[in-house]
Each structure stands twice: as C-alpha cells, then as structure tokens.
Amino acid sequence: MKKVTIYTDGACSGNPGPGGWGAILSYNGHMKEISGGEEETTNNRMELLAAISALEALKEPCDVTLYSDSKYLVDSISKGWVHSWEKAGFQKKGKAVPNTDLWKRLLTLIRMHSVSFIWVKGHSANEFNNRCDELAVAQWKRIRSSL
C-alpha cells in the first residue's frame with residue numbers, strides 16, 4: 001500500500017462567510033497542492049473539506065498520515081466522537097450534529113484508506129501547514145473579492 005502524507009488547513013472570513021481550504025499531498029518525493037472554497041461556509045466546514053478533498057484525490061487505497069491544525073477534525077476522529085455520532089444517527093443531545101454531510105463523506109474515505117490523523121500547531125514553524133493556510137486564505141480572498 002502506498003504511503004502518502006497529507007497536510008490540510010481551512011480558513012474562513014467571518015464564520016459564516018467566504019471560506020477556503022488547502023491541502024498538500026506528498027508521495028515518494030512528489031508533492032501536489034490542491035485548494036478550493038465556498039461563498040458561504042464556516043471554518044470547521046473548510047477544515048473538513050480540506051481533508052475530504054485530499055483523500056478524494058487519491059486514486060487507490062493508501063496508508064495516509066494526515067496532519068491538520070484543526071482540533072475539531074483530529075479530536076473527532078482520534079477520540080471516536082464521529083463514530084459515536086454515526087451510531088446515534090448523527091444526533092447529539094437530540095440535535096443534528098453539525099456538518100453531518102461532510103462527516104459521512106469523511107467516514108467513507110477513512111474506511112477506504114488507512115488514515116492516521118495528527119494534530120499540528122497552526123501558524124507555527126510547520127512549513128507545510130503554513131503553506132496550506134496560504135492556499136486556504138488565497139481561496140477565501142478570491143471568493144470574497146468576487147462577491
């Protein structure tokens with residue numbers, strides 16, 4: 001199984017507001033940057049969409065190490081919260097879990113790949129996380145300027 005390293009980040013101007021996401025995929029010395037955004041979104045949605053988009057870019061099942069500065073994303077997976085939400089029909093205390101549509105997409109992908117989620121401190125000395133942030137911010141700025 002191919003070993004792939006992924007870095008992701010999401011950004012939002014206002015919450016909700018225009019948002020962007022960025023990801024870097026690295027395999028066997030090759031790197032690929034991808035990014036995108038939405039006109040009306042939240043930071044958490046952009047964090048999730050960065051991970052989803054990066055995993056969807058893989059052409060076959062891979063052994064993935066995914067780095068993110070989003071505690072929302074990393075803790076929801078590593079602490080098993082998303083699996084509890086899934087078992088409860090994506091309900092939490094009688095209310096729908098936010099971003100259920102994206103959590104369902106992510107669960108499908110992590111069942112296809114072997115994914116380890118690792119939290120990294122945002123806006124620190126990690127060049128790949130910083131580059132993902134630049135990609136995400138560029139997307140929301142592009143979207144904001146077109147509105």
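Contact means heavy atoms within 4.5 Å. The model is predicted: local features need pLDDT of at least 70, side-chain atom pairs count only at pLDDT 80 or more, and totals for chains, interfaces and linings use all residues. Residues are numbered from 1 along each chain as its sequence is written, and side-chain values use heavy atoms, with hydrogens and water left out.

**Exercise 1.** Find which residues have the most contacts inside the largest nonpolar core.

*Solution.*
- Apply the term: a nonpolar core is a set of buried (under 20% relative accessible area, 1.4 Å probe, protein chains only) Ala, Val, Leu, Ile, Met, Phe, Trp, Tyr and Cys residues joined through side-chain atoms within 4.5 Å.
- The largest such core has 34 residues, and Leu-55, Trp-103 and Leu-106 have the most contacts inside it.
- α1 (43–56) is among the elements that each supply at least two residues. With 8 residues, α1 gives the most.

**Exercise 2.** List what Leu-106 touches, not counting residues up to four places away in sequence.

*Solution.*
- Leu-106 meets Leu-48, Ala-51, Ile-52 and Leu-55.
- Leu-73, Ile-77 and Phe-117 complete the list.

**Exercise 3.** Asn-28 has a positive phi, and so does Phe-90. Decide for each residue: buried or exposed?

*Solution.*
- Asn-28, with phi near 50°, lies in the loop between β2 and β3. Its relative accessibility is 63%, so Asn-28 counts as exposed (over 50%).
- Phe-90, with phi of about 55°, lies in the loop between α3 and β5. Its relative accessibility is 5%, so Phe-90 counts as buried.

**Exercise 4.** Locate the cis peptide bond that ends at Pro-16.

*Solution.*
- The bond runs from Asn-15 to Pro-16, with omega near 20°.
- Pro-16 sits in the loop between β1 and β2.

Terms used. Helices (H or I, at least four residues) and strands (E, at least two) are DSSP runs, numbered from the N terminus.
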